[in-house]
Every structure is written in C-alpha cells, then in structure tokens.
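Try each task before reading its solution.

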Amino acid sequence: MKKYFTLLKMGMMEDMHYRLSIFVRILGNLLYLLIVYFLWKAIFASSPSDTVNGMTFESTLVYLVLASALYGFLEMYAVWEIGRNIQKGDIVLYLLKPMEYKSYLFWQLSGGLVMGFLTTVLPTFIIVFIVTGSTIPLGLNLLYFIFSVGIAMVINYQIDFFVGSICFFTESIWGINMMRQVIVLLLSGATIPIAFFPEAFRKVVNVLPFVAIYDYPLNILLHGDGDLVMVGRKLAVQLIWAIVLSVISRLFWKASVRRVTVNGG
C-alpha cells in the first residue's frame, strides 16, 4: 500500500499548491447554496402545504446542501485527466508503467478527495448540524454513511473512467463530459431530490446506478438511524453497482486502448 499512499500524498500536495482554486471552489459552493436556498424557498412558498412529496423545506435544504458538499468531494475530474493524457500522447507512457493506469489515476486523484473532504464536506456538515439541530441524527447512521460514501466514490470513478475511455474514439471529451455531468447530477438527486420526480420516472431512475452516488448516502445519513433494513438494502445495491461498473469500465478500457494513436501513429 506504500505506493498508493505516496500517490495520495502527491495528489494532496498538488491540490494544496493551487490554493486559489480551493478558495474559488469554496466561494462557488457558497454562491450555489444561496441560489438553492432562495429557489426552494420560493417553491415551498407557492405550495399550499408545508410538506411537498413528503419533504419539508428544511429537510429539502439539508438534503441539497449536503448533496452539493458531496459533489465537491466526489468529483475527481478523472474524465478531463484521461482526455488530456490521450490528446497529448502521455497515455503511452502511463501504459508502460508497472502500475495499472486505472489504479494509478484513482490514487493520484484521491488526494483531491481528501482536500475536498476537509474544505467542503466537513465544514458543511458541521454548519448544517449546528443550524438545523436534530435534522441530522447522530448514531450508527454516521458510520453507515461513511461506508456508503466510500462505495459511491468507487461508483462515480467507474463511470468517469468509462466516459474518459471514449476519448480514444472521439479524441475530444468536452461535450461528452458535459453530458455526463448533467445526467449524473440530475438522475442522482444531487440537483433535485428523487422524491420530487414523477412516480413513473422515479421508478426508472431507481434502477439506474446514479442514485447510488448521492441519493443513497444522503438517505442513509438522514433516515438510516435504526432502519437496518433500508440501510442494508441500499448498501447491497451500491456494492453490486460498484462491482458491475468496475467490470464494465475495465472491459471497455481494454477494448478502447487498442485504438490508441499518438501523432497519427
């Protein structure tokens, strides 16, 4: 594990080197949260009931604030990194290294995850807990939540790696990655809670892997204290998706890497 922790440390040092980007990330997150607050405040103000689809304004706001923090933590920008490596031709050098490229990239980018946790997730969680009080129960659900986020990180990375491999065929990844971000953020509940989706659409979304990235961990955190059946079911589904997507991304990578070309070669 020493080599992996070395890559993790290098990733953290690289992320800290660009201190302005950390500040901009925090500022951008605060602006987004202000928009979310006033948007959903207006939505609930126009509703005749204090509860919409089983969620109050407070619970909706907590859900979306934590989802935003998780997004800042889980977004590894692996697609951009893979695209740059392919376009510049550096991918050939990585393929020659003794460590598998997929593992190398994961641990290299994981340093950014640690910094994202320290600068986004932890402060946001503390602020939300202080402001809302009992909205977030403190119990075994915290332990389940941490485990669930770890699986969500793997699922998100597998999706990113799969999408990044498409660059072998397109040689450009910008448009495809933008589409990926929109699909993941929408269908995972990160921008709109799954509870607000129409029932027919919600049934479709619930069989896709995206809900396992944000919606499952947040539901475990907010409602998982004492509900072992719900927690066990969601963790089991997450593990299944992590394994399935890992196999799919690995097979697609092996098929895609055969098309590698550098400077027309």
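Below, each task is followed by its solution in steps.

This is a predicted model, in which local features need pLDDT of at least 70, side-chain atom pairs count only at pLDDT 80 or more, and totals for chains, interfaces and linings use all residues. Residues are numbered from 1 along each chain as its sequence is written, and side-chain values use heavy atoms, leaving out hydrogens and water.

**Exercise 1.** Describe how helix 4 and helix 6 pack.

Step 1. Take helix 4 as residues 78-88 and helix 6 as residues 101-132 (helices are DSSP runs of H or I, at least four residues, numbered from the N terminus).

Step 2. The angle between them is about 125°, and their axes lie 11 Å apart (axes are lines fitted to C-alpha atoms over the stretch in contact, with angles from 0 to 180 degrees between N-to-C directions). Helix 4 is therefore oblique to helix 6 (angles under 35 degrees count as roughly parallel, over 145 as roughly antiparallel, 65 to 115 as roughly perpendicular and the rest as oblique).

Step 3. For the contact (heavy atoms within 4.5 Å), look at Ala 78, Glu 81, Ile 82 and Asn 85 of helix 4, which meet Tyr 101, Leu 105 and Leu 109 of helix 6.

**Exercise 2.** Which residues lie nearest the centre of the second largest pocket?

Step 1. Among the 15 lining residues, pick out Phe 117, Val 121, Phe 145, Ile 146 and Val 149 as nearest the centre (on a 1 Å grid over the protein atoms alone, a pocket is an open set of points where a 1.4 Å probe fits, with protein on both sides within 12 Å along at least five of seven lines; lining residues have an atom within 4 Å of a point).

Step 2. Helix 7 gives the most to this lining, with six residues.

Note on methods
Helices (H or I, at least four residues) and strands (E, at least two) are DSSP runs, numbered from the N terminus.
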